[in-house]
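Take a look at the model below.

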Amino acid sequence: MTEPRPSPVRITAAGVRMGMDAMWPLMPGIAVFGAAFGAAAAQKGFSAAETALSSGLVFAGLAQMVALEGWTHNWTPASLLALAMLTFTVNMRHFLMAASMRPWLGQLPGWQAYGSLLFLADNNWAAAMRYHAHGGNDAGYFVGSGLITWVVWLLSTVAGQVIGGGIPDPKAFAIDLVVPAFFIAMLVPNWKGRREAVSWGVAALVSVAASYLVPGWWFIVIGAVAGALAGGFADE
Amino acid sequence: MSSALDPGTVLAICVMAGATMFNRTAGFFLMRLVPVTPRVRKILDSLPGAVLVAIVAPTAVHGDTAMAAGLAIAFIVTKLTHSDFFAVLAAVLVGASLRYFGV
């Protein structure tokens with residue numbers, strides 16, 4: 001990934017289209033998960049407008065789902081702080097994902113880079129990094145894949161809120177396998193040899209150990225940082 | 001809910017949005033302050049794979065048999081077809097079937 005790239009980094013309409021097309025295999029799974037969140041939100045008293053606001057602004061399925069557990073209508077400064085910390089830790093992996101995009105998106109004008117990053121989600125980040133690792137340079141790929149994910153997430157959560165009950169249990173249809181299976185499909189082509197063996201091995205061991213030892217969602221960040229450092233020093 | 005937009009709910013949503021927007025942008029911003037030496041570059045290059053593994057490995061370990069089997073199938077199908085679509089489809093079909101039969 002260190003060789004010079006032929007063209008400057010830009011966001012083109014063709015790239016946006018390419019990114020949207022790359023995401024369609026995931027959309028049924030995201031729509032079912034979104035509908036399930038919408039139905040759960042309805043049970044907690046969310047209106048359709050509130051569901052749309054949450055999906056549109058927060059745009060983080062796992063964090064939205066987890067936060068729903070402790071949702072109240074009497075927010076205090078203390079409970080809002082707890083909510084902020086919960087959201088921050090559940091989604092802290094995005095902090096690392098965004099950091100990893102610096103060499104690529106850092107070549108864009110600031111407003112384009114930060115605007116694009118607001119659409120960062122697990123799936124489109126993983127797909128865009130694979131695209132970039134294989135020589136792709138059009139940041140529109142990241143924007144388009146993020147945009148389509150945002151639209152499908154927003155629409156499906158609102159649909160779930162409106163329909164309410166009767167949404168099938170996502171687990172029965174193995175929807176919870178969609179994202180990890182997609183991650184594996186993104187990982188396999190990145191295997192090059194020793195560096196990956198060390199980095200991925202350390203990430204796996206440390207994240208699993210941390211998932212037992214550390215409460216909450218820290219295990220992702222702890223495992224990822226350990227694996228990245230191991231990969232960075234794997235050549236000595 | 002009685003009202004379409006309850007002020008407390010809107011406030012809480014905005015707090016969450018602030019946290020997710022911070023996560024989405026702060027890591028990118030901070031990397032501007034880190035000089036990208038060859039070493040940092042290698043660490044950054046290793047980061048995407050490490051993040052994915054750190055999510056998938058605990059998911060596989062803590063999941064049920066259907067999860068483990070589905071993820072194994074996803075690996076095999078990716079190897080054979082190089083298609084993320086078929087990998088996800090196979091994982092879901094295997095996972096849902098196993099759960100249907102109560103494995």
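Which exposed residues does the face of α5(A) turned away from its buried side carry? In this predicted model, they are Pro77(A), Ala78(A), Leu81(A) and Met85(A).

Now turn to the buried side of α5(A). Leu83(A), Thr87(A) and Val90(A) are the buried residues of this helix. Viewed down the axis of α5(A), they fall within an arc of 70°, so they line one face of the helix. Their cover includes α4 (61–69) of chain A and α1 (7–30) of chain B. The length of α5(A) holds no surprise. Its 14 residues reach 20 Å from first C-alpha to last, close to the 20 Å expected at 1.5 Å a residue.

Next, the domains. Chain A is split into domain 1 (13–173) and domain 2 (191–236). The C-alpha centres of these two domains of chain A are 24 Å apart. Contact between them involves five residues of domain 1 of chain A and six residues of domain 2 of chain A. Here α5 returns. Both α5 (77–90) and α6 (93–100) of chain A supply at least two residues each of the domain 1 side that touches domain 2. By class, that side of domain 1 of chain A has three nonpolar residues, one polar and one charged.

Domain 2 of chain A spans 191–236. Helix α13 (residues 218–232) of chain A contains Val225(A). Is Val225(A) buried or exposed? Val225(A) has 20 other C-beta atoms within 10 Å, and 20 or more make a residue buried, so Val225(A) is buried. Leu213(A) is 12 residues away from Val225(A) along the chain, and their C-alpha atoms are separated by 16 Å.

Then comes the contact of the two chains. Chain A brings 79 residues to it and chain B brings 64 residues. On the chain A side, 56 of the residues are nonpolar, 18 are polar and five are charged.

Last, the core. In soluble globular proteins, nonpolar side chains tend to be buried together. The largest nonpolar core here has 104 residues. Which of its residues touch the most other members? They are Ala181(A), Ala74(B) and Ala91(B). Helix α2 (residues 38–62) of chain B gives the most to this core, with 11 residues. Leaving out residues up to four places away in sequence, Ala91(B) touches Leu177(A) and Ala181(A) in chain A, and Gly70(B), Leu71(B), Ile73(B) and Ala74(B) in chain B.

How values were computed
Residues numbered from 1 in each chain as written. Chains lettered and ligands numbered in written order. Predicted model: local features only at pLDDT ≥ 70, side-chain atom pairs only at ≥ 80, totals over all residues. Domains from an automatic or database assignment. Contact = placed C-beta atoms within 7 Å. Helix = DSSP H or I, 4+ residues; strand = E, 2+ residues; numbered from the N terminus. Nonpolar A, V, L, I, M, F, W, Y, C, P; charged D, E, K, R; others polar. Expected span 1.5 Å × (residues − 1). Buried ≥ 20, exposed ≤ 12 C-beta atoms within 10 Å, placed from the backbone. Arc of directions from axis to C-beta. Core = buried A, V, L, I, M, F, W, Y, C linked by C-beta atoms within 7 Å.
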